[in-house]
Amino acid sequence: MPQAEPDHSAASIVEFCQFARDNGLSNGVGQTLTALEAAKCIAPADKQVFALALRTVLSSSKEEWDLFSKIFELFWSHSQNALGPDSKEGTEPRFNTHRPRASSRALLGLSEGDASQSERESKVVLGASAQQRLQKMDLANVPSDDLLALEQISMRLFRKMSLRLARRRKIKNLAERVDVRRTIRRSIPRGGDPIVLAFRGRKLRKHKLLIFLDVSGSMNSYSLFLVRFAYALQKYFNSVNTFLFSTNAVEITDLLRTRDLPDALRGLSQRAAGWAGGTKIGDSLRDFNRQHGRRLLSRNTVFIILSDGWDTGEPELLAGELRNTRRIVRELIWLNPLLGLEEYAPVTRGMRTALPYVDVFAAAHNLESLLALERYL
Amino acid sequence: MPTAPTFPEDKQINDVDDLIRSFERLGYVTDRALATAVYLVIKLGKPLLIEGHAGLGKTEVAKVLAAMLGTRLIRLQCYEGLDINSAVYEWNYQKQLLAIKIEEKIERAIEEKEKYIFSKEFLLERPLLQSILAEAASPVLLIDEIDRADEAFEAFLLELLSDFQITVPEMGTIQAKHVPYVILTSNRTRELSDALKRRCLYHWIDYPSFEKEMKIVRAKLPGIEEELGSQVVRFVQAVRQLDLAKPPGVTETLDCAQSAMSLGKHRLDAQTVEETLGCVTKSMEDGAKLKAAGIEKMLS
């Protein structure tokens, strides 16, 4: 790529910082000032060091770090005169297509027609990906008016459940041993006589929840309601992350964080591509572990899989991934809607593979069974 | 406003290449990107956040920087539940208690007694306070594995990193005489807060290229035969391409080369690798995966 010598004048650096911000970096004004200072203390002729310096100042994560060199090249190569308006206009739209944020916006814009269509239909199906719905979905057993009532009841009950959990934490938080150090500290205002004893109790850590929800075809009649369950949990618990999966895993934590549930569900239909498709639990779990595992899983995570265990992937892969996950997290809970059926036995290949690694195997076919989850949190 | 770190005159670093050479003299092979970042730490007095996989020499950067500047390295290892008492300061309660008893016999005003009890003599300095109190020159403060500490501690750190002052209620606010050079490292086990990241320079440390890794091996194991060294590096680089739970870092390369040397080998063969498998892979599954991929094939 032909490159112009980067211009070190303050104006072009400020311009570049803005350009970087527009193209996906999260730098603020503070960083711009730092960039100016940094430019002052490096040799002006050394273009490479100049780029490296700006990178270390402006980026703040691996993703931004990787993105930076693209932005840098684009800006300095296209702007002989960085302040020229035409160069800016020429580059920005082209580059913007690489931005995930912009591309998702474009996606929304492109499917404007679809969106309004699904919006109309969402009164009935509440947000399932419109095309998929027409192909596969049969929601006859979940009438929409019942759904609303059920939703209200469940929200009320989930809220109660979370309050109960908070209270239980407090009661358990009783003292266990005398804390000598703090007792002495407290005795100092009283001339060294330990009148008030300090106690040391075990600090109760709140568990993090990770919800891994199956939205494949076989889960059709449950998945929409289970999304509501995830929404409720996320509303009342501090740290919950939610993923949907069918043949791959998609994070929807941010979507469920909105105040308005219908809004969230509309967003969902845009994002979840494999809605009502096939199931590959092992593959999805592998995707998840690779991309998000290190960030989201720890010793105090409770990992909840909501799935019926109909798996078309490799059982060995599923077993391996479950083993990996199980080793990191505090508890692995598998909630299976089919367990509510009297004649059901976990004999499907996927379920048989999974059972040895699961701490809790419970039903999830109605509100009651979901509320019973409280026991394990 | 705190002033920029004071810099020893005789160890002036004039540009990035100077710094690379100084680091190399101390046995740390670095590239221009990292050198630029460290150079800016020295020049701007900003904290540097280094992220990357385990075993790539993140912590080492701070050590070498301290050695190069000839200043003290103060290290704070983060862990879950790290609190102010073990990171900043604590009063020496036992000693205070004894002092109170002794003071009972002495005629002195209550205020004076209190002042004495809460004087520096009774203060236990933990790493962060130490870094602020340094008398002679700016120390290097290494905050290791910040991602392991909890969010509350991160928020506290924010205040320290912007003002370089610590408030001890009984004594007042202590302002740093010499602002420390701050290096933070993270393994990315969780996302750090934006506020903290915004205050720091950032560097992502990646797996080294073949040439760089060879240079590191030569620097760290001066006696190694060229043939063996390049074989080990090529092998470990191939292993990194496998989909392991814990890909080997540079530390593992060095371990592997070291053990081959101590076994008196002149070249790396499949048998040696198998015998010293623990140097490269750190779990049973990874070991099995490596064997399944064919050690012979990866050596060739």
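These are legends for a few close-up views of a predicted model.

**View 1. Chain A as a whole.**
Start with the inventory: chain A carries 17 helices and 8 strands. Out of its 377 residues, 36% count as buried. Look at chain A contacts between residues at least 6 apart in sequence, and you'll find that 72% of them link residues at least 24 apart.

**View 2. The open sheet of chain A.**
Here we zoom in on an open sheet of 6 strands in chain A, and reading across it gives β5-β4-β3-β6-β7-β8, with mixed pairing. At the edges sit β5 (249–251) and β8 (360–363) of chain A; each has a single partner strand, so one side of each is left without a neighbour in the sheet. Going from one strand to the next, the twist averages 20 degrees.

**View 3. Strands β6 and β7 of chain A, side by side.**
Residues 301–306 of chain A make up β6, and residues 331–336 make up β7; the two strands run parallel and are joined by 5 bridges.

**View 4. Where chain B meets chain A.**
On this interface, 30 residues of chain B are in contact with 29 residues of chain A. Four elements of chain B each put in at least two residues on the side that touches chain A: α2 (32–44), α5 (93–103), α9 (194–199) and β9 (201–205). The largest share comes from α2(B), with 7 residues. Sorted by class, the side of chain B that touches chain A holds 13 nonpolar, 12 charged and 5 polar residues.

Definitions and conventions
Residues numbered from 1 in each chain as written. Chains lettered and ligands numbered in written order. Predicted model: local features only at pLDDT ≥ 70, side-chain atom pairs only at ≥ 80, totals over all residues. Buried ≥ 20, exposed ≤ 12 C-beta atoms within 10 Å, placed from the backbone. Contact = placed C-beta atoms within 7 Å. Nonpolar A, V, L, I, M, F, W, Y, C, P; charged D, E, K, R; others polar. Pairing = 2+ DSSP bridges. Axes fitted to C-alpha atoms, helices over the stretch in contact; angles between N-to-C directions.
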